[in-house]
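Let's take a friendly look at the charged side chains in this model and how they pair up.

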Amino acid sequence: MTWLLEVVWVLVGLPLAVLAWRRFPLTGLLCCLLAAHALVLALGGHYTYARVPLGEWVRDGLGLARNPYDRFGHLVQGFVPAVLVRELLSRTSPLRGSRWLAPLTVCGCLAFSAVFEMFEWASAVVGGHAADDFLATQGDVWDTQWDMFCALIGATAALLLLSRWHDRQLERLAG
């Protein structure tokens, strides 16, 4: 069940992207980012985020108290959806080129992150200790706030680093 909760986004998102491709093809940048995000989710789902070996190596190498893969996952949860939201807003709304595009993109990513945290909370209420692997709090009482902060950093970084490249790809896609 934990695996399903972790990878449900891939199981829903991939068929949606394939079904919509003819009418709404995505930029190459977004496709690559979505594929990378799917790998992050699959790895986290396979091991559970608190037990991903890569995170354990980083934890041990840096002397951290917890496996940081969960934080990395939430950073990616902001980074990749920022490009997705930006692409959707740029192509379907009057926001392309607007000063409001970036702040509304970040707000959309934070809203998604908050909904995901409420989903985790509901899982904890329903599943009790059985949901511990899904939650990956690792004893951190501030885990929810850290997760949303990581998503904020990821979304902001994506916009700062990729907006120009993304704009060029959107222009080519528009033809």
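## A partly exposed aspartate and its partner

At 27% relative accessibility, Asp-167 counts as partly exposed, because that class runs between buried (under 20% relative accessible area) and exposed (over 50%), using a 1.4 Å probe and protein chains only. Its salt-bridge partner is Arg-86, with the closest N and O atoms 2.9 Å apart; a salt bridge here is a side-chain nitrogen of Lys or Arg within 4 Å of a carboxyl oxygen of Asp or Glu. Asp-167 sits in helix α7 and Arg-86 in helix α4, so this pair ties together parts that are 81 residues apart in sequence. Helices (H or I, at least four residues) are DSSP runs, numbered from the N terminus. Arg-86 counts as buried, at 8% relative accessibility.

## Where the values come from

This is a predicted model, in which local features need pLDDT of at least 70 and side-chain atom pairs count only at pLDDT 80 or more, while totals for chains, interfaces and linings use all residues. Residues are numbered from 1 along each chain as its sequence is written, and side-chain values use heavy atoms, leaving out hydrogens and water.

The structure holds seven salt bridges. In one of them, Asp-147 pairs with Arg-71, the closest N and O atoms being 3.4 Å apart. Asp-147 belongs to helix α7 (residues 143-174) and Arg-71 to helix α4 (residues 69-92), so the bridge joins parts 76 residues apart in sequence. Both residues, Asp-147 and Arg-71, are buried. They also belong to a salt-bridge network with Arg-66, Asp-70 and Asp-143.

Notes
Helices (H or I, at least four residues) and strands (E, at least two) are DSSP runs, numbered from the N terminus.
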